[in-house]
Amino acid sequence: MKHNYQAPRGTVDIYGDELACWQQVEDVFRQFMHLYDYSEMRTPIFEDTGVFKRENDSSDMVNKEMYTFTVNNKDSLTLRPEGTAGVIRSYVQHKLFALGEGHNKFWYFGPMFRYERPQKGRQRQFYQFGVENLCEKSPYVDAEVIAMGYSILKALGLNHIKVLLNTLGDAASREAYRTTLREYFKPYLDQMCGDCQRRYEQNVLRLLDCKIDHDQPFMNDVPSIRDVLSEESRAYFESVCATLDALDIPYEIDDRLVRGLDYYTDTVFEVISTDEASGAQSTVFGGGRYDNLVDYFGGPQQSGIGFAMGMERLMILANAEGVFEDMQSPLDCYIMTLGNTQQMGVVLATQLRAAGYRVEMNFGKRSMKSQFKSVERFNASTVLIVGEDEIANNTVTLKRVKDQLQVSIPMDQLVETMDEWLMDTEEHHHE
Ligand code: HAM
């Protein structure tokens, strides 16, 4: 009996050239994290549900999209919908706040899970690269974090991107703004969607980024939080902007940017794609500052800031911009085995790999012609021919593809000859 399964809806398998592209991007993440002195953190893929479902959280992510389960009627667990909560839970659990410098800037890369309607650039299992910075609360840190995210995308070759920036102010400013918004929206409430009507009391800020009511005429005159910002929050936000100017990072202030998660305070931002042709969901990454999460998990009153990039969206945009045109990674050597020579083939392949060469060999019973096809397919720089006669004489035949130079050499000179041939040439990976 055969059983046919496909990856569950909203999930994908990643392999082959596509995975090779992912790894190139992941390398860029690592380089940046090294330069900016962030250290990697790997937290569990599931956590106690309370890590994500915090009191009074009214976000869709927490209330509608989580994969929550119990095993053997024990405590409720949830597949992580995002990375921030787990990192902060871990930061507090291990008292990293007590260590301070050198232990307060983290990055992560891994799968996240949200029960959403799948579409291009939106999946139920997706990958995020993210950072969390728990140093001082400072507008210069905020600007640096935003600029870092932006520079990563630039370094990856994405040119059609834009930073959107806003502030949610401090607690007092937000409270004042909520009151202002409730007053403003009250007369329009019956013209608004069910979600907005529900959010009016609990989370009136989210009315600002409603996708359904987005183009209603009254949306154009919504008061800005800047009208009610406290002096301190205003000065803070101005410093963030001025520092982004000094760093030459282009941005747009977007009064209606409020973000989908509940924990943000002061600075919030998103980077969106301006390349509509790619057809992807436009937000490549989003983040912001959170004053209360460390405290929530039992740590000191300490603020953090971070962002997360959706890897699938990033890859769609990178592909649309032709970032990965040259993916072919050639082999240093293809070993052809003719007759009963595969054991020797394995031995020689192992020797070459130990010397740092990238090698494939033939394990099938195939003609010479068919094996030469493999040489082409792998785009190998050299071909090692191992025949029964060669083994009898303790020799091998080595051929250099680019100029068809072919030599018969004693077996123990193989690595030496490869070194001579491939040293300092571009196709050579040997260190
Ligand atoms: P978020 O805006 O919910 O923020 O997600 C960040 C990014 O993850 C989005 O901009 C998008 O690129 C990607 N993403 C989200 N949902 C999906 C999905 N269903 N399929 C594909 N990609 C998706 C956060 O998660 C915060 N933890 C960011 C943060 C870090 N804030 C502070 N620190």
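In what order do the eight strands of the open sheet run? Before I answer, let me say that this is a predicted model, in which local features need pLDDT of at least 70 and side-chain atom pairs count only at pLDDT 80 or more, while totals for chains, interfaces and linings use all residues. Residues are numbered from 1 along each chain as its sequence is written, and side-chain values use heavy atoms, with hydrogens and water left out.

The order is E1-E5-E6-E11-E10-E9-E7-E8, with mixed pairing, where strands are DSSP runs of E of at least two residues and helices are runs of H or I of at least four, numbered from the N terminus, and two strands pair if DSSP finds at least two bridges between them. At the edges, each pairing on one side only, are E1 (39-40) and E8 (251-253). E8 runs parallel to E7 (residues 161-167), to which three bridges join it, and Leu-164 stands opposite Glu-252 in E8.

Helix H10 packs on this sheet, touching E5, E6, E9, E10 and E11, contact meaning heavy atoms within 4.5 Å; its direction makes about 55° with that of E11, the axes being lines fitted to C-alpha atoms, for helices over the stretch in contact, with angles from 0 to 180 degrees between N-to-C directions. Eight of the 10 residues of H10 (residues 311-320) are buried, so the helix is largely enclosed by the rest of the structure; buried here means under 20% relative accessible area with a 1.4 Å probe, protein chains only. Among those buried residues are Glu-312 and Arg-313, and after H10 comes Gly-322, with a positive phi near 65°.

Key: Buried means under 20% relative accessible area, exposed over 50%, partly exposed in between (1.4 Å probe, protein chains only).
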